[in-house]
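Let's walk through a model together, one packing site at a time. Have the sequence and the 3D view open as you read.

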Amino acid sequence: MAVEKLRKEETLEMRRRLIGQSCRLFYSDDPVKIVRARGQYLFDENGERYLDCISNVHHVGHCHPSITAAAAAQMDLLNTNARFLHDNIVTYADRLAATLPEKLCVFYFVNSGSEANDLALRLAQQYTQHEDVIVLDHAYHGHLMSLIDISPYKFRKLAGQKEWVHVAPLPDTYRGTYGEDHPNPGQAYADTVKDLIEEVHRKGRKISAFFAESLPSVGGQIILPQGYSTKVAEYVRSAGGVFVADEVQTGFGRVGSHFWAFQLHGEGFCPDIVTMGKPMGNGHPLACVATTVEIAGAFTANGVEYFNTFGGNPVSCAVGLALLDVIEKEDLRGNALRVGAHLKHLLTKIQTRHRVIGDVRGVGLFVGVELVTDRERKTPATETAARVVKRLKEEDKICISTDGPWESVVKFKPPMCFSMEDAELVVQCIDRILTDMEASDS
Ligand SMILES: Cc1ncc(COP(=O)(O)O)c(C=O)c1O
């Protein structure tokens with residue numbers, strides 16, 4: 001049992017005083033103080049258990065004993081940096097390579113998704129000798145200045161769009177220009193990127209990279225239409241650019257059927273650069289960039305060393321290796337597939353009773369429920385989504401969050417050990433809350 005050092009009110013008062021207020025808390029009106037966790041469960045200072053539908057970082061379950069043991073054993077033995085020759089970094093890179101298409105065979109280890117995306121940007125610009133970047137609307141790729149610049153989700157609230165950044169429409173077949181009823185939404189959305197490239201060329205500029213999450217999560221748990229990525233890659237490469245897949249949220253088997261979400265986009269599709277982070281170390285700061293021999297070669301050719309103090313250290317790599325073992329041993333991809341399908345089925349069933357549920361979408365344990373005040377106009381039901389999240393926490397001890405441009409998508413991204421019973425419980429609770437809200441609103 002964890003020992004609590006401060007009363008909750010004291011922790012909160014110190015947090016307000018000592019920690020920058022732009023670092024926000026979940027449930028800021030009445031935050032939860034979590035003192036320990038296991039699997040998909042969080043425990044507060046009173047021993048109250050919360051079901052965790054938020055923590056995609058704690059991929060194989062909070063405080064998994066195999067991960068803890070691997071980290072402790074390596075920490076006890078050695079923790080140098082990647083300038084010393086060591087087995088862990090190469091063994092780990094080799095294991096990661098086995099999950100990726102053959103051409104993605106060179107790795108750079110870093111400490112966060114932001115570091116990975118910043119390096120991806122450097123690699124792309126160095127290899128292509130072009131500057132400009134195309135990103136999807138509402139995207140978020142990290143907190144460094146370089147990434148705020150390519151994250152419409154952030155730069156729209158700040159200094160605005162840089163001249164080297166170009167925003168393509170989010171290929172959202174629920175509320176975007178081309179819906180499910182379009183004969184080929186993948187091609188239609190890819191053509192918007194083609195048009196954008198032509199516009200960039202007319203300005204005398206050149207594309208270095210197209211950057212996108214393989215499943216846009218911050219954009220609202222979006223499933224890209226079939227054929228989109230393949231076509232975009234073709235257009236971007238013929239403009240001399242590279243395709244960067246941000247797998248920071250979606251990688252490591254979350255989609256169930258595949259290890260990487262970009263693999264959902266078809267056998268023949270392969271990005272030029274893949275960035276990974278969050279789930280990679282189960283909470284330990286571990287992230288990575290995978291790329292091709294040619295791109296890595298161009299980066300080496302600039303003659304400047306890439307040194308990252310903590311990236312790829314023996315402890316991080318031991319943690320990463322242990323995580324890969326757990327995914328396999330516990331068949332967590334199979335679990336994501338089965339539980340995710342059940343969850344989607346249950347949510348679709350309650351959609352027939354609640355008009356506020358506009359759309360249910362997802363793959364594996366990457367699921368979104370989009371709430372709307374009116375199904376025809378698809379007006380975002382932001383307030384309802386916030387009320388559902390609050391009531392789930394207060395009445396049912398379930399932690400869940402919202403996302404999307406209007407915070408109207410209730411987002412499931414739980415640890416991969418999430419069970420059938422967990423899925424049933426959450427859907428039952430959402431059903432009860434919506435029924436109750438409909439009764440009191442009528
Ligand atoms: C899609 C995506 N890319 C990159 C990042 C940045 O990762 P980090 O917070 O580890 O720097 C995030 C973080 O939320 C993310 O969601």
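Are α11 and α13 roughly parallel or roughly antiparallel to each other? Before the answer, a word on the source. This is a predicted model, in which local features need pLDDT of at least 70 and side-chain atom pairs count only at pLDDT 80 or more, while totals for chains, interfaces and linings use all residues. Residues are numbered from 1 along each chain as its sequence is written, and side-chain values use heavy atoms, with hydrogens and water left out.

Two packed helices are described by the angle between their axes and the distance between the axes. Here axes are lines fitted to C-alpha atoms, for helices over the stretch in contact, with angles from 0 to 180 degrees between N-to-C directions. Helices (H or I, at least four residues) and strands (E, at least two) are DSSP runs, numbered from the N terminus.

Now find helix α11 (residues 332–351) and helix α13 (residues 420–441): their axes cross at roughly 20° and come within 9 Å. The two are therefore roughly parallel to each other; that label covers angles under 35 degrees, with over 145 counted as roughly antiparallel, 65 to 115 as roughly perpendicular and the rest as oblique. Their crossing is right-handed, a term for a near helix turned clockwise from the far one by less than a right angle, with anticlockwise giving left-handed. On the α11 side, the residues that meet α13 include Val-339, Leu-343 and Ile-350, and their partners in α13 include Ala-423, Val-427 and Ile-430. Contact means heavy atoms within 4.5 Å. By class, this contact has nine nonpolar, one polar and three charged residues. Ala, Val, Leu, Ile, Met, Phe, Trp, Tyr, Cys and Pro count as nonpolar, Asp, Glu, Lys and Arg as charged, and the others, Gly among them, as polar.

Stay with α13 and look for its contact with helix α12 (residues 382–396). These two pack at an angle of about 120°, with their axes 10 Å apart. That makes α12 oblique to α13. The contact includes Arg-387, Val-388 and Leu-392 of α12 and Ile-430, Ile-433 and Met-437 of α13. Its residues divide into seven nonpolar, one polar and seven charged.

Next, move to α3 (87–97). The axes of α3 and helix α10 (residues 314–329) come within 9 Å and cross at roughly 35°, and the crossing is left-handed. Among the residues that meet are Ile-89 and Tyr-92 in α3, and Cys-317 and Leu-321 in α10.

Not counting residues up to four places away in sequence, Ile-89 touches Ala-82, Phe-109, Gly-312 and Cys-317. Ile-89 is also one of the residues closest to the centre of the second largest pocket, which has 15 lining residues. The lining divides into ten nonpolar, three polar and two charged residues.

Notes:
1 Å grid on protein atoms, 1.4 Å probe; cavity = no way out; pocket = protein on both sides within 12 Å on 5 of 7 lines; lining within 4 Å.
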